[in-house]
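Open your viewer and get ready to click along. This tour tells you what to select at each stop and what you will find there.

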Amino acid sequence: MFVKISFLVALFVLLAEGRNVIESIVEDHDHSIGTKWAVLVAGSNNWYNYRHQADVCHAYQLLKKGGLKDEHIIVFMYDDIAYHPENPRPGVIINNPHGHNVYKGVSKDYTGKDCNAKNFYGVILGNKSALTGGSGKVVNSGPNDYIFIYYTDHGGPGLIGMPVGPFVYAKDLNVVLKKKHASGTYKKMVFYMEACESGSMFDGLLHEGLNIYVTTASKPDENSWATYCSFSDNDDHKYCYGECPPKDYKNICLGDLYSVSWLENSDLHDRRLETLKKQYRRIRKRVLNNGTQGSHMMEYGDLHIHKDALSRYMGSNSPKHTSSTNNYPSNSRHVNQRDVQLLYLLSKFEGAPEGSIRRIEAYRKLNAAISEREDVDKSVRHIGQIMFGVENGPEVLNIVRPAGQPLVDDWDCLKSFVKIFESHCGSLSSYGRKHVRGFSNMCNAGIQRDQMAAAAKQACSS
């Protein structure tokens with residue numbers, strides 16, 4: 001009797017979880033249901049950030065093979081990697097050690113200076129009049145359409161980067177998503193985000209009822225990680241993180257851990273049967289990396305959407321096999337996103353011949369990067385001491401609010417503090433963005449703009 005009951009319970013659960021999968025399979029053959037749209041964003045430039053554009057190009061190929069049309073896939077990428085002088089294979093971008101060229105055929109809609117926050121917002125809202133340059137493509141969706149957004153870059157508490165122009169702030173992004181919902185121009189939306197502190201872009205800000213489901217690479221106070229990296233001091237000695245890239249790829253990371261995890265999962269499994277929830281469960285262990293050198297994936301928004309099949313947003317596929325086990329690389333070491341540039345510069349220095357001009361130049365760049373890190377740490381620490389005292393300053397700057405509470409109460413205050421700091425102390429690099437939490441805590445503590453300006457001027461005057 002017990003066996004029969006257990007079987008019936010298991011069958012009920014399978015039927016309940018499979019309902020949306022069956023609906024997705026039906027939708028694949030019913031074009032009247034709605035259109036699938038996708039927005040893919042690589043928010044960085046420079047060779048050492050290779051992985052972000054590689055992630056986005058892989059995502060494009062995955063969606064294109066899934067049946068999405070070019071007019072419904074909108075790509076943001078600076079486009080300085082494929083033909084970069086350091087690329088060992090000009091015109092080729094790969095996203096894993098055994099990967100094929102994911103750059104070929106990518107519809108690059110917003111590149112160079114057109115890869116910016118204003119255009120990103122305009123594209124989501126379908127507002128062509130807000131665009132400056134680019135292909136002019138926007139998400140011109142209707143009430144029965146499905147939207148998938150994937151964003152990969154360096155982040156910081158409450159913000160994520162763009163290669164040109166201002167940051168994408170959490171508050172602004174969530175306002176755009178609310179406007180999109182209010183316009184009634186989509187049925188459901190899924191948003192995947194790869195960045196350090198990416199959870200802070202939605203925690204306490206993305207409310208239920210918008211028909212939006214989000215996963216992020218990390219909690220609001222965690223870094224995210226790069227993988228498939230090789231850093232060499234010469235041709236014979238490699239330091240690999242994840243699986244080693246091909247031998248001709250040196251001093252580079254081919255992908256990001258969260259990103260390649262969902263991309264490879266989507267390639268491997270039948271997307272008509274694999275749900276968003278299943279994908280989340282499969283890859284979160286890989287992203288956490290057994291609790292070492294990893295991060296905690298997070299979910300936000302309308303979690304009931306995670307019962308939907310991947311095909312509803314990414315299109316269907318014909319995987320070579322659908323094994324339930326993932327044969328991920330045995331090397332479990334990965335690289336903190338904020339340290340990739342430093343490792344790149346260090347490897348360039350160590351690999352240059354003694355006494356050569358190349359070694360001198362590499363040392364200059366490495367020393368400048370290290371000094372920049374030390375300067376921003378020192379400057380923020382000094383500002384905190386001016387505001388809150390030598391003993392209390394570090395504690396106040398590092399306060400992490402409870403889950404479900406947004407990073408800051410006054411986002412205009414935070415934006416102004418970032419501008420004030422950058423005007424006196426220099427631009428916030430991918431490393432320096434971690435200090436935005438400190439600026440947020442200053443705002444939450446009631447510090448005024450004139451106080452911040454005076455402290456920044458004093459701390460950075462030298």
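**The whole chain.** Start with everything shown as a cartoon, and keep in mind that this is a predicted model. The chain has 13 helices and 14 strands. Of its 462 residues, 55% count as buried. Now think about contacts between residues at least 6 apart in sequence: 76% of these join residues at least 24 apart.

**A loop with an asparagine.** Select N46, which sits in the loop between strand 1 (36-42) and helix 2. Its phi is near 85°, a positive value in a residue other than glycine. Is N46 buried or partly exposed? With a relative accessibility of 34%, N46 counts as partly exposed.

**Helix 2.** Move along to residues 50-65, which form helix 2. How far apart should its ends be? At 1.5 Å a residue, its 16 residues should span 22 Å, and the end C-alpha atoms are 23 Å apart, which agrees. Colour this helix by accessibility and you will find it mostly covered, with 14 of its 16 residues buried. After the helix comes G67, where phi is positive, near 105°.

Jump to N251, in the loop between strand 11 (238-241) and strand 12 (252-256). Here too phi is positive in a residue other than glycine, this time near 60°. N251 has 11% relative accessibility; buried means under 20%, so N251 counts as buried.

**Helix 10.** Select P394, a residue of helix 10 (residues 393-397). P394 is partly exposed, with a relative accessible area of 36%.

Next, select residues 436-444, which make up helix 12. Eight of its nine residues are buried; among them are V436, F439 and M442. What do these buried residues pack against? Show strand 6 (159-160), helix 9, helix 10, helix 11 (411-425) and helix 13, and you have the partners. Just after helix 12, look for G446, which takes a positive phi of about 90°.

**Two helices against helix 13.** For the last stops, keep helix 13 (residues 449-460) on screen. Two packed helices are described by the angle between their axes and the distance between the axes.

- Helix 11 passes helix 13 in a right-handed crossing. Show side chains to see the contact: residues including F417, I420 and F421 in helix 11 meet residues of helix 13, including M452, A453 and A456.
- Helix 9 and helix 13 pack at an angle of about 130°, and their axes are 9 Å apart. The two helices are therefore oblique to each other. This crossing is right-handed. Among the residues of helix 9 in the contact are H382, I383 and I386, while the helix 13 side includes A455, A459 and C460. The residues of this contact divide into eight nonpolar, four polar and no charged.

Conventions:
Residues numbered from 1 in each chain as written. Predicted model: local features only at pLDDT ≥ 70, side-chain atom pairs only at ≥ 80, totals over all residues. Heavy atoms only, no water. Helix = DSSP H or I, 4+ residues; strand = E, 2+ residues; numbered from the N terminus. Expected span 1.5 Å × (residues − 1). Buried < 20%, exposed > 50% of the residue type's maximum accessible area, 1.4 Å probe, protein only. Axes fitted to C-alpha atoms, helices over the stretch in contact; angles between N-to-C directions. Parallel < 35°, antiparallel > 145°, perpendicular 65-115°, else oblique. Left-handed = near helix turned anticlockwise from the far one by under 90°. Contact = heavy atoms within 4.5 Å. Nonpolar A, V, L, I, M, F, W, Y, C, P; charged D, E, K, R; others polar.
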